[in-house]
Amino acid sequence: MHKTARQLLAITAITLLATACGGGGGGSGSGEDTAPVAPPEPPPPQPQLFSISGTITASPSQAVDWDNNDPASDGRSNDSPDQAQPVPNPITLGGYVNQPETGAEGRSYSSGDVEDYFRVELLAGQSITMLVADYQQADADLYLYDTRGNIVDFSIESGQVETLVIPRDGTYIVNAYAYDGATNYILAIGNENARANHSRQHFDIVPWQTIVKYRADADRHAVPDSAGMTGRLGMAQRGGGPGRTRLMGLRRGAIANLRGLARGGPGIAKGEQISDPQLRARWETLLAVKALRGDPRIEYAEPNYRVRALATPNDEGYRFQWHYPLIDLPAAWDNTTGAPSVIVAVVDTGILSRHPDLRGQWVDGYDFIRNPGNAADGDGIDPNPEDPGAGQDPASNSFHGTHVSGTVAAAGDNRTGVAGVAYGARIMPLRALGTDGGTSYDVDQAIRFAAGLNNDSGTLPARQADIINLSLGGAPFSQASQELLRQVRSAGVMVVAAAGNEGSALPSYPASYEGVIAVAAVDAQRRRTRYSNTGPGIDLAAPGGDNGVDLNGDGYPDGVLSTDGLGTGEYGYTFASGTSMAAPHVAGVLALMKSVNPQLTPQDVDGLLVRGELSDDLGAPGRDDAYGYGLINAQRAVRAALAAGGTPVADNPLLSASAATLNFSASTTSLELELRNSGSGVLELLAIETSEPWLTISPTGADDDGLGLYRVSVQRGGLADGVYDADIIARSSVNSLTVRVIMSVGGDSASADVGVIYILLLDRDSGETLQEFGAAARAGEYRFSFAELPAGRYSLVAGSDADNDLFICDAGEACGAWLTLDQPLDIDLDSDRGDLNFPVDYLIAIPNMATSAQTAAGEPAQWPRRPAAADAGK
């Protein structure tokens with residue numbers, strides 16, 4: 001079974017209990033003397049045994065479907081509108097639906113769990129997105145009801161994504177419906193970023209028409225079959241013919257003839273809940289198209305879409321890249337998006353070079369993994385840095401390099417997916433990490449290649465890299481590596497490294513080497529993340545994200561969104577967190593600086609850094625051990641590079657904010673907002689106000705011009721339960737801006753629950769599962785313990801199993817690992833450990849946006865099973 005790069009599973013363990021058998025003896029009773037008997041040998045000393053325990057936390061911004069297929073789940077019904085499960089807004093929810101006798105054996109296998117209903121307060125313009133996990137084998141649809149039981153909108157595509165935009169404020173019932181088969185799903189309910197000018201509310205179609213392509217063996221003699229699908233729908237050809245597509249008309253109301261069909265037939269009754277004639281016509285047409293796709297004679301069927309000239313935003317996923325406004329990147333793009341002559345070497349797991357957002361964005365690289373087993377591509381060092389996937393190691397990070405590369409330089413303005421920080425620059429993919437990590441020697445060889453130094457490949461790049469990104473760590477200090485990095489710096493190459501995810505102040509390498517820019521991680525509120533390392537070696541901070549919160553209210557976790565490979569074997573996009581995600585933000589900004597000032601040297605960057613010209617100061621004034629010299633500011637950095645090169649920089653003052661939306665969940669009372677001048681020159685804040693009395697804003701670190709930090713607070717007293725929105729309006733001497741605020745009243749953050757979590761204890765050397773512990777949420781926490789363990793190397797992975805297929809961490813399921821998913825750590829057990837705490841979050845994988853499905857060259861991970869329920873002591 002194929003799994004995504006970050007899905008972590010393990011094999012069934014068989015425990016053998018040895019029973020000692022023995023017998024008794026006695027004398028003969030004759031009284032004869034007997035020879036003395038030597039005392040028995042003392043038993044060998046028993047090995048000392050230890051225990052492992054800890055707490056797994058779930059985010060209050062995530063929830064679980066009550067009645068998924070896991071027999072250990074809650075099991076309360078949400079199968080009808082009057083049983084609708086209440087959920088907060090915004091929320092990321094994992095669920096499961098199935099038609100009877102489809103999917104894995106489990107709670108709902110026989111009877112089916114065809115429909116899930118959720119009651120939620122929604123605001124006009126907010127979006128609901130359903131990500132269908134098993135869309136290649138199943139089909140799930142999304143419906144929106146009012147409280148009177150009328151369907152007011154729907155999304156009934158046949159792919160991975162269903163999306164709706166809310167027409168007006170109110171209470172709604174959201175319905176996930178299993179049209180065919182069985183699947184996990186993710187519901188993302190939250191804010192639609194108005195700045196993105198994006199809406200997938202509806203593609204306009206011609207009612208009662210479909211475009212059909214018959215398979216070759218049925219094409220020439222294709223006629224509507226009165227007993228088959230085409231006959232039931234009253235299809236009549238209106239255009240096209242054999243060997244090409246055909247325009248077919250549908251008879252109005254004929255959709256009712258599909259009631260007797262097993263596939264989708266039960267859903268025909270939903271039409272009776274649609275009173276709007278235009279909406280009903282659209283629904284019947286789209287449902288007929290879905291039905292035709294199940295006809296074995298038809299190669300494909302699709303609606304007849306209306307088209308018109310219009311301007312569309314280029315990168316659909318950009319609205320989820322909250323981390324770019326945080327570092328003032330859009331303003332920097334007014335000066336440059338990067339030059340193709342600037343190269344950033346990414347030393348990592350390699351690259352998915354044919355990803356639609358990375359094609360044409362890279363120059364030739366190399367694979368420096370010497371061990372063929374670790375390389376998983378059939379050989380050792382070779383000129384192909386393509387990432388083949390994770391293999392079967394639960395601790396490997398497949399396609400990690402692709403995610404990092406996308407943050408550096410994913411294509412922008414291509415109407416696809418996301419944008420990189422320096423999307424006009426180029427990536428040099430260098431593979432040094434395989435299925436079991438890598439070695440310092442292999443990493444050093446990749447660095448040598450990037451810098452144009454002699455290396456074990458026997459070749460040199462056509463042009464050395466300008467910047468090297470190292471989102472890796474785990475080795476101690478190496479004299480060889482330090483000397484190499486001095487050489488690299490002398491060659492004019494800048495080196496950026498992730499600070500590490502241990503939450504420690506101890507030195508972490510390569511980030512702590514002299515001459516390396518060490519990057520810590522902050523969240524969407526510019527606060528140091530819990531995992532980010534600190535210490536005297538930290539130089540800068542950048543967005544690393546936190547998958548456990550949703551502070552901007554978009555319905556997705558606040559991880560860093562970038563390019564990735566999906567478990568389906570396709571290309572896509574995922575949210576990830578870690579200092580590995582922070583470092584490429586800085587590498588990308590350096591690429592922008594090098595683009596406007598090609599003569600910029602590492603020494604020049606050092607001078608700008610210590611003078612505070614690259615960053616916004618955070619924490620204690622000046623440099624500190626948590627943020628270094630502060631949060632990287634792309635606009636300031638690019639303008640500093642221009643000035644350093646002698647280029648006059650014209651004044652262009654512009655008021656901007658650190659966030660477009662602030663989300664106050666039920667337990668949040670205050671958040672931080674920064675107002676700043678994104679350009680240069682004089683700008684004064686003239687007024688700032690809020691649109692509702694329950695919302696206040698006050699300065700906490702503003703200067704004489706009114707720019708700086710503000711505390712935004714909400715007062716819920718006297719307000720009924722529900723979801724409220726308001727605006728912060730700031731007006732300056734140059735421009736005005738509005739920040740949207742969403743506030744939830746009611747609900748309990750202590751009820752955070754992502755379903756039953758299965759914690760697997762693995763032998764780190766063999767990958768074998770030794771024990772499993774099943775835990776239910778208690779006040780948002782999952783406590784676990786493993787006892788009587790001999791000394792050794794272990795690792796911990798955890799996740800839910802909503803579809804009960806005995807694999808944790810499927811798409812649509814929660815997942816976690818100690819210490820983090822981005823940097824799982826071994827446990828060298830030689831004493832009791834009671835401090836192994838880590839989070840679990842839903843893994844959100846977004847498919848290709850605005851492109852047809854494309855298959856990844858890398859092989860997705862295939863993971864063994866977890867123990868069966870009967871053996872695991874659920």
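1. Helix H10 passes helix H12 in a right-handed crossing, that is, the near helix is turned clockwise from the far one by less than a right angle. Helices here are DSSP runs of H or I with at least four residues, strands are E runs of at least two, and both are numbered from the N terminus. By class, the contact of H10 with H12 has nine nonpolar residues, no polar and no charged ones; Ala, Val, Leu, Ile, Met, Phe, Trp, Tyr, Cys and Pro count as nonpolar, Asp, Glu, Lys and Arg as charged, and the others, Gly among them, as polar.

2. Before going on, please keep in mind that this is a predicted model, where local features need pLDDT of at least 70, side-chain atom pairs count only at pLDDT 80 or more, and totals for chains, interfaces and linings use all residues. Residues are numbered from 1 along each chain as its sequence is written, and side-chain values use heavy atoms, with hydrogens and water left out.

3. Which residues make the helix contact? From H10 come Val589, Leu592, Met593 and Val596, and they meet Ala634, Ala637, Val638, Ala641 and Leu642 of H12 (contact means heavy atoms within 4.5 Å).

4. Now the charged pairs: the count comes to 32 salt bridges, each a side-chain nitrogen of Lys or Arg within 4 Å of a carboxyl oxygen of Asp or Glu. One of them joins Arg764 to Asp436, with the closest N and O atoms 3.3 Å apart. Arg764 sits in the loop between strands E36 and E37, Asp436 in the loop between strand E19 and helix H8, and 328 residues separate the two. Arg764 is buried, at 14% relative accessible area (buried is under 20%, exposed over 50%, partly exposed in between, with a 1.4 Å probe and protein chains only).

5. Have a look at Glu674 and Arg526 too, a salt bridge whose closest N and O atoms are 2.7 Å apart. Glu674 lies in strand E30 and Arg526 in the loop between strands E22 and E23, so the bridge ties together parts 148 residues apart in sequence. Glu674 is buried at 9% relative accessibility, and Arg526 is buried at 6%. Both belong to a network of salt bridges that also links Asp328, Asp616, Glu672 and Arg676.

6. Arg793 is in strand E39 and Asp828 in strand E41, 35 residues apart.
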